[in-house]
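Visitor: I'd like to learn how to read a model like this one, feature by feature. Could you walk me through it?

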Amino acid sequence: MAYQSNGTTVQALDGMELSVRDREFFCLLGPSGCGKSTFLRGLSGLLEPDTGTIEIEESAADRPKSRLVFQEKGIFPWKTVLENVAFGLKMRDVPTQKRREIAREYIRKVNLDGFEDAYPHQLSGGMKQRVDIARAFANDPEVLLMDEPFGDLDAQTKRGLQAELIRLWRERPKTVVYVTHDIEEAVRLGDRLGVMTDRPGQIAEVIDVDLDRPRTRETLDFARFEALQNRVWSILDTVVNDTAGQE
Ligand SMILES: Nc1ncnc2c1ncn2[C@@H]1O[C@H](COP(=O)(O)OP(=O)(O)OP(=O)(O)O)[C@@H](O)[C@H]1O
């Protein structure tokens, strides 16, 4: 996939092939600008490539195939928490009563009860993020695409939301493709990790995260956790050095 602007072409992705398993939590990591967001937006259908194609093998189902969860931008400032969470259901013509019921259920699951009628400007960054997660899960997509949803949050809020996300995902398993810059986060969350090369991006290596769940402070195998992070670092070092060597 490439972008054309002002007569120049930026080749964002080239020969990117990725096979994600049904209901796995797949994290995508890579150097800045390697094309992670481009890939995700292409998958979601939000981005039409100027050149190139994306092929997705779909399973037969009448549910929406994917949904891209943006950071804060994803929620409507003029809608209440309840209306935001129910929005996707409304788009799918779920009857009013039913969609309010489902929305309330997910608002409760992300610990926002009592904020149903609040507007986004009355919420903290972490709370807005919870609204976004609730909306994504209420919509019950088959594939959930997340682009650095917790990138702007402080470490403690981020850890809490990671735990909530994993709890929801284990309760209602779905295929997740999760882009992050944060190696520790990727190893904490993922079943597998795809490490990308520098731009034009493609997959350099896929790593199995052989850590049992739940991955709490009490249960996590810290030695393995660290070894996996080191593995990612060494792949990224190679990838960036390789590219530097070509210039
Ligand atoms: N709308 C656009 N028009 C032109 N070029 C673009 C556009 N969007 C992205 N690019 C270019 O495509 C390349 C890949 O961008 P992309 O945002 O997909 O990378 P990324 O891996 O998600 O980056 P980061 O990790 O920094 O968020 C970059 O070189 C970027 O400058």
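Predicted model: local features only at pLDDT ≥ 70, side-chain atom pairs only at ≥ 80, totals over all residues.

Visitor: How many helices and strands does the protein chain have?

Guide: Helices (H or I, at least four residues) and strands (E, at least two) are DSSP runs, numbered from the N terminus. Here the protein chain has 7 helices and 8 strands.

Visitor: And what share of the residues is buried?

Guide: Buried means under 20% relative accessible area, exposed means over 50%, and partly exposed is in between, using a 1.4 Å probe and protein chains only. Of the 247 residues in the protein chain, 47% are buried. For contacts, think of heavy atoms within 4.5 Å. Among contacts between residues at least 6 apart in sequence, 71% join residues at least 24 apart.

Visitor: Which domains does the assignment give?

Guide: Domain bounds come from an automatic or database domain assignment. For this chain it gives domain 1 as 2–65 + 142–245, and domain 2 as 73–140. Taken over C-alpha atoms, their centres are 25 Å apart.

Visitor: How do I read the interface of domain 1 and domain 2, say, how many residues are in contact?

Guide: Count both sides: 18 residues of domain 1 are in contact with 14 residues of domain 2. Then look at buried area, the accessible area (1.4 Å probe) that two parts lose on being put together, summed over both. The two domains bury about 1,400 Å² between them, with 62% of it on carbon and sulfur atoms.

Visitor: How many salt bridges are found across that interface?

Guide: A salt bridge is a side-chain nitrogen of Lys or Arg within 4 Å of a carboxyl oxygen of Asp or Glu. By that rule there are 4 salt bridges across the interface of domain 1 and domain 2. Helix 5 supplies the largest share, 8 residues.

Visitor: Now a single residue. Is Asp 140 buried or exposed?

Guide: Asp 140 counts as buried, because its relative accessibility is 15%. You'll find Asp 140 in the loop between helix 4 and strand 5. Asp 140 also has a positive phi of about 50 degrees although it is not a glycine. Its salt bridge is with Arg 172, the closest N and O atoms being 3.2 Å apart.

Visitor: Where does Arg 23 lie, and how exposed is it?

Guide: Arg 23 is another non-glycine with a positive phi, of about 65 degrees. Arg 23 sits in the loop between strand 2 (8–11) and strand 3 (25–29). Its relative accessible area is 47%, so Arg 23 is partly exposed.

Visitor: What do the buried residues of helix 2 pack against?

Guide: They pack against helix 3 (96–109) and helix 4 (125–138). Helix 2 covers residues 81–91, and its buried residues include Val 81, Leu 82, Asn 84 and Leu 89. Just after helix 2, Asp 93 takes a positive phi of about 60 degrees.

Visitor: Asn 84 is in that list. What does its side chain lie by?

Guide: Start with burial: Asn 84 has a relative accessible area of 0%, so it is buried. A polar atom of the Asn 84 side chain lies 2.7 Å from the backbone nitrogen of Phe 76. The backbone oxygen of Lys 79 lies 3.1 Å from a polar atom of that side chain. Not counting residues up to four places away in sequence, Asn 84 touches several residues, among them Pro 120, Val 131 and Arg 135.

How values were computed. Residues numbered from 1 in each chain as written. Heavy atoms only, no water. Polar contact = N/O pair within 3.5 Å; in protein donor to acceptor, adjacent residues only side chain to side chain.
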